[in-house]
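Subject: Structure handover

Hello,

Here is the structure you asked to look at, with the sequence alongside. My notes on what was found follow below.

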Amino acid sequence: MEATSSRPAPGKKKKARESFSPLVEDEAYPSSPSDGDCRADSSFLLSKVGAWLLGLGLGLTTISLLSSSTPHGLAPSPATARTTPTSLLQPPLPPPPLPPLISWLTPNPVDLSNSTCALVGGSNSVLQHNFGAQIDAHDVVVRVNRMFDASVDSFSALARKLGRRTDIFFQDSCDHNSDDFEFRHVGGDWESCRPPEKSCPFGSIVYRGNTASSEPLCTGETQNGEALRRKAASSIIAVGIEADIVVDSVLQFRELRVEGGGGDSSDGDDANDNEPTTGLHAVVLFGLACKSVDLYAFGGDGTIDGHTISADHGLAMEHELLSSLSNHRPIANMPSLVQHLWDKSNIRVIC
């Protein structure tokens, strides 16, 4: 490319560049005839420098274009501007909080998040120990399906093994048409209570939840709850029901395969050795809800009062699952959000 003339316009004096010693003069300052050769050499030198500067300018323009996604001289649009990945600017977001684990139907919900809980099941393994005082020392004592009332004479001797307090009674019940709270004692006898007319041996009651994939005809957080809500509306004790998210989690990691409430069986009947016990529902529910949980009467192969355990529960498998849960081993099919929170839980199998 031909270099442009380096001579300034007439009447203007071109400033000397510090990098070159000769001063280039215009027509207003003619040079003497004796330095004509010097002027020729200077013109030639300046033409080379001009070409070099022009090449340098083109090079810088090219670099600018290559380093930008927009034409040279134009401000980059928001769509094409270079940005730092957000992953480098801020830590990953935490998982969303778990919805309420217990759907409380009364205006006096029980907050367990800072409570140490003793969860007492129905296994005869507890009869080999005197854990009564240890059980009662917890902030909250929860009993599952069979109520133990130490004030009843026939059970008073068992208090040193089972404890005396019951703060929450966790029960599996489909029928809530009665205005009373009906429950079964250790030993099988039924009783009902309705404060303040007749006091209950527990401070609160939480019912096991059910969904269309387990028991579509039973009460759940979002199904068949009208009768239970009517009962709770006039109750002075706290009434709640296990939330659907806990029910579904238990069913998933027990790999329960049911349709319309029926079981999956190789011989064609309704037998299903994957049916979770009410105790397992309680373990997952209170394991997530309480600050810490100690499990009593969750081992062994028999019950405290000798009642028969349905074969469809598969106790051997459930005991293995309880061991995995308490030791925080990965559980197949447990929803990721529940697994994340379970990893932070504090649960121990005492007996």
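A residue is called buried here when its relative accessible area is under 20%. Cys351 has a relative accessible area of 10%, so Cys351 counts as buried. Please keep in mind that this is a predicted model.

Overall make-up

The protein has nine helices and eleven strands. Of its 351 residues, 40% are buried. The protein exposes about 19800 Å², and 54% of that is supplied by carbon and sulfur atoms. Taking contacts between residues at least 6 apart in sequence, 68% join residues at least 24 apart.

Eight strands form an open sheet with mixed pairing, in the order 1-9-8-5-3-2-10-11. Strand 1 (102-104) and strand 11 (347-349) are at the edges; each has a single partner strand, so one side of each has no neighbour in the sheet. On average, neighbouring strands of this sheet are turned by 25° against each other, direction ignored. Strand 5 (residues 168-171) and strand 8 (residues 204-207) pair in the parallel sense over four bridges, and Phe170 has Val206 of strand 8 as its bridge partner.

Cores and helix 6

The largest nonpolar core has 36 residues, and Leu119, Val283, Phe286 and Leu325 have the most contacts inside it. Helix 7 (residues 278-289) gives the largest share of this core, eight residues. A second, separate core has 16 residues, including Ala118, Val126, Ala297 and Ile304.

How much of helix 6 is buried? Seven of the ten residues of helix 6 (residues 244-253) are buried, so the helix is largely enclosed by the rest of the structure. The buried ones are Asp244, Val246, Val247, Ser249, Val250, Leu251 and Phe253. Their cover includes strand 9 (238-242), helix 7, helix 8 (315-326) and helix 9 (336-342).

Disulfides

There are three disulfides in the structure. With the bonded cysteines numbered in sequence order, the pairing is 1-6, 2-5, 3-4.

- Cys117 is joined to Cys290, S to S 2.2 Å. The link is left-handed, with -85° about the S-S bond. Cys117 lies in strand 2 (residues 116-120) and Cys290 in the loop between helix 7 and strand 10 (292-296), 173 residues apart. Both Cys117 and Cys290 are buried.
- Cys174 and Cys218 are bonded with their sulfur atoms 1.6 Å apart. The torsion about the S-S bond is about 75°, so this disulfide is right-handed. Cys174 is in the loop between strand 5 and strand 6 (181-185), and Cys218 is in the loop between strand 8 and helix 5 (226-233), 44 residues apart. Cys174 is partly exposed at a relative accessible area of 38%, whereas Cys218 is buried at 6%.
- Cys193 is joined to Cys200, S to S 1.9 Å. This link is right-handed, with 95° about the S-S bond. Cys193 is buried, with a relative accessible area of 1%, and Cys200 is buried, with 15%.

Regards

Note on methods:
Residues numbered from 1 in each chain as written. Predicted model: local features only at pLDDT ≥ 70, side-chain atom pairs only at ≥ 80, totals over all residues. Heavy atoms only, no water. Helix = DSSP H or I, 4+ residues; strand = E, 2+ residues; numbered from the N terminus. Buried < 20%, exposed > 50% of the residue type's maximum accessible area, 1.4 Å probe, protein only. Contact = heavy atoms within 4.5 Å. Areas by Shrake-Rupley, 256 points an atom, 1.4 Å probe, with all protein chains shown as cover. Core = buried A, V, L, I, M, F, W, Y, C linked by side-chain atoms within 4.5 Å. Pairing = 2+ DSSP bridges. Axes fitted to C-alpha atoms, helices over the stretch in contact; angles between N-to-C directions. Disulfide = S-S within 2.5 Å.
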